[in-house]
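Here is a quick tour of a structure, heading by heading. Have the model open while you read.

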Amino acid sequence: CVPVMMPYVTAFFMPRQAGDRPDVVPAGAVNFAFLGQFAETPSRDTIFTIEYSVRTAMEAAYQLLGIDRGVPEVFNSTYDVRTLLAAASLLRDGKEIEVPGPAVVRDLLMKQIKNTEIGELLKESGLLT
Ligand SMILES: Cc1cc2nc3c(=O)[nH]c(=O)nc-3n(C[C@H](O)[C@H](O)[C@H](O)COP(=O)(O)OP(=O)(O)OC[C@H]3O[C@@H](n4cnc5c(N)ncnc54)[C@H](O)[C@@H]3O)c2cc1C
């Protein structure tokens, strides 16, 4: 007996390459589709999320039933600077950034970014006040 709080999740992380998993709607399929984590969707998504499974279901239903609707775009949070700054703030438990070194350096730096887009973004994320 191996007591665990949650199921193992190793299968999701096995190496894979194009062709290992079937397309959601394989070429020529008219009345069946593959849903979930082990089907391949072209939506630039990554597995291990509920969203992935939901997208595959949408893709299958829309394609097989000829419904003219797009599957919602993947939110590219990795490239969204606001999301990254908000994550950095959470990692610091909301603590502001402290610029190390003499106060004159900090003042100079703050002066440079004050009233700029960078200053605004840092303020918005709570990293600077
Ligand atoms: C430990 C862990 C943590 C996770 N954390 C997150 C998270 O934080 N956020 C997130 O978005 N996602 C997370 N996931 C992923 C998410 O849980 C799954 O991607 C999602 O539940 C998959 O949903 P699904 O409906 O495609 O498949 P499943 O939920 O796996 O449903 C498939 C169902 O089919 C049934 N089934 C299988 N074979 C048969 C059969 N022959 N006949 C009848 N029924 C059958 C199974 O019993 C199961 O109920 C996590 C997964 C794991 C394992």
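## Two domains in a predicted model

The chain splits into domain 1 (1–74) and domain 2 (77–124), with bounds that come from an automatic or database domain assignment. Taken over C-alpha atoms, the centres of domain 1 and domain 2 are 38 Å apart.

Keep in mind that this is a predicted model, where local features need pLDDT of at least 70, side-chain atom pairs count only at pLDDT 80 or more, and totals for chains, interfaces and linings use all residues. Residues are numbered from 1 along each chain as its sequence is written, and side-chain values use heavy atoms, with hydrogens and water left out.

## Confidence

The predictor's confidence in each residue is given as pLDDT, on a scale from 0 to 100. For this chain the mean pLDDT is 90, and 100% of the residues reach 70 or more. Confidence is highest in α1, at 95, and lowest in α3, at a mean of 89. A word on those labels: helices (H or I, at least four residues) and strands (E, at least two) are DSSP runs, numbered from the N terminus.

## A cluster of phenylalanines

How many aromatic pairs does a search of the whole structure find? The count is four, where rings of Phe, Tyr and Trp (its six-membered ring) pair if their centres lie within 6.5 Å, and planes under 30 degrees apart count as stacked, over 60 as edge-to-face and the rest as tilted. One of them joins Phe12 and Phe38, a tilted pair at 5.7 Å centre to centre with 50° between the planes. This pair links distant parts of the chain, since Phe12 and Phe38 sit 26 residues apart, each in the segment before α1 (50–65). Phe38 is partly exposed, at a relative accessible area of 42%; on this scale buried means under 20% relative accessible area, exposed over 50%, and partly exposed in between (1.4 Å probe, protein chains only).

Phe12 also pairs with Phe48, this time edge-to-face, at 5.7 Å centre to centre and 70° between the planes. Phe12 and Phe48 both lie in the segment before α1, so their pairing ties together parts that are 36 residues apart in sequence. Phe48 is partly exposed too, with a relative accessible area of 45%. Put together, Phe12, Phe13, Phe38 and Phe48 make up one aromatic cluster.

Over on helix α2 (residues 81–91) you'll find Ala86, partly exposed at 33% relative accessibility.

## Two loop residues with positive phi

Most residues other than glycine have a negative phi. Asp93 has a positive phi, near 50°. Asp93 belongs to the loop between α2 and α3 and is exposed, at 72% relative accessibility.

Asn115 has a positive phi as well, near 60°. Asn115 is in the loop between α3 and α4, and is exposed with a relative accessible area of 74%.

## The largest pocket

Asn115 turns up again in the lining of the largest pocket, along with Glu96, Arg106, Met110, Ile113, Lys114, Thr116, Gly119, Glu120, Lys123, Leu128 and Thr129. On a 1 Å grid over the protein atoms alone, a pocket is an open set of points where a 1.4 Å probe fits, with protein on both sides within 12 Å along at least five of seven lines, and lining residues have an atom within 4 Å of a point. The space in this pocket comes to about 190 Å³, where grid points are joined across faces, edges and corners and a volume is the space filled by probe spheres set on the points.

Which helices each supply at least two residues of the lining? They are α3 (103–113) and α4 (117–124). By type, the lining divides into three nonpolar, four polar and five charged residues. Here Ala, Val, Leu, Ile, Met, Phe, Trp, Tyr, Cys and Pro count as nonpolar, Asp, Glu, Lys and Arg as charged, and the others, Gly among them, as polar.
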